[in-house]
Structures are given as structure tokens and as C-alpha cells.
Amino acid sequence: MYPDNWPVDRHFIRLVQVIKRQYRLPWYGTHGVTHWGRVLENGLRLARVTGADPQVVALFAIFHDAQRISEGWDRGHGKRGADLAAGLLDEFFNLSQTQFDLLYQACCLHTDGL
């Protein structure tokens, strides 16, 4: 049912619940949890082919749009999501410095399509 590189566990679910408490847009809106799920699924499929780190992919899926304040153009939302990840690091999830740097950069740059 789940891909071999499925990184979701009870800690991940708890992290999503923490993010949900501060999420400002509709939970099932355009950039809400269903979008995050699609990003997760597609990212993990790509990770199998590209060798991307499934844990970083999963965390990107939930942080990249977690700080949006608009469903439309929302300048800086990626960096705000990256900063949220930085604030929750070690308390709700753990990554090596290299993994975290990659997550932070991916969240920041995705706003510009990179």
C-alpha cells in the first residue's frame, strides 16, 4: 500500500497536528492538507528515481505552504514555512544539519519555482 520509502509515522502525524493549529487558510483549501498529500505522494515517487531523501521530501510537503496567508500569490510564504520548520526542529522532528539545510533551501526557493 505505501511505497518502500514511506517516512510517515506517529511523530510525523503529531507534527502535522502542530502545524494545523497555526495554519491560517482553509485546511482543505487549494494549498492545504490535500495539496500537501499530493506533494508528498509525488515527491516520494520522484525520490525513488532521483535518490532524494524521503524524510526531507516528507517534511517539505508539509512545510512548503504551511505559512501561506493567501491562496493566490503570497510572496515569502516559502521562507515563512522554512522558518516555521526551524522553530520546530528538534522538538517535533530531527534532521542532520545537511538535511535541514536542504529542507530550508527547498522551502525558501519553491516560492520562485526553483
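Reader: What is meant by a pocket in this predicted model, and what volume does the largest pocket have?

Author: A pocket is an open set of grid points, where a 1.4 Å probe fits, with protein on both sides within 12 Å along at least five of seven lines. The model examined here is predicted. In this model the largest pocket has a volume of about 160 Å³.

Reader: Which helix gives the most residues to the lining of the largest pocket?

Author: The lining of the largest pocket counts 10 residues, and the closest to the pocket's centre are Phe12, Val16, Val33, Leu40 and Ile62. Two or more lining residues come from each of helix H1 (10–22), helix H2 (33–50) and helix H3 (54–63). The helix that gives the most, with 4 residues, is H2.

Reader: How do the residues of that lining divide into nonpolar, polar and charged?

Author: Among the residues closest to the centre of the largest pocket are Phe12 and Leu40, and both Phe and Leu count as nonpolar. Taken as a whole, the lining divides into no charged residues, 1 polar and 9 nonpolar.

Reader: Which residues touch the most other members of the largest nonpolar core?

Author: In soluble globular proteins, nonpolar side chains tend to be buried together. The largest nonpolar core of this model holds 33 residues, with at least two supplied by each of H1, H2, H3, helix H4 (77–88) and helix H5 (97–110). H3 gives the most to this core, with 8 residues. The members that touch the most others are Phe63 and Leu103.

Reader: Why does the pair formed by the rings of Phe63 and Phe93 count as tilted?

Author: Phe63 and Phe93 are both buried, and Phe93 is among the residues in contact with Phe63 once neighbours within four places in sequence are left aside. Their pair links distant parts of the chain, since Phe63 lies in helix H3 and Phe93 in the loop between H4 and H5, 30 residues apart. Planes under 30 degrees apart count as stacked and over 60 as edge-to-face. The ring centres of Phe63 and Phe93 are 5.6 Å apart and their planes stand at 45°, so the pair is tilted.

Reader: Which residues do ring pairs link into a cluster with Tyr23?

Author: The structure holds 5 aromatic pairs, and in one of them the rings of Tyr23 and Trp27 have centres 5.8 Å apart and planes at 75°, so that pair is edge-to-face. Tyr23 is buried, with a relative accessible area of 9%, and Trp27 is buried as well, with 15%. The residues that ring pairs link into a cluster with Tyr23 are Trp27 and Trp36.

Methods:
Residues numbered from 1 in each chain as written. Predicted model: local features only at pLDDT ≥ 70, side-chain atom pairs only at ≥ 80, totals over all residues. Heavy atoms only, no water. 1 Å grid on protein atoms, 1.4 Å probe; cavity = no way out; pocket = protein on both sides within 12 Å on 5 of 7 lines; lining within 4 Å. Points joined across faces, edges and corners; volume = space filled by probe spheres on them. Core = buried A, V, L, I, M, F, W, Y, C linked by side-chain atoms within 4.5 Å. Buried < 20%, exposed > 50% of the residue type's maximum accessible area, 1.4 Å probe, protein only. Contact = heavy atoms within 4.5 Å. Phe/Tyr/Trp six-rings, centres within 6.5 Å; stacked < 30°, edge-to-face > 60°.
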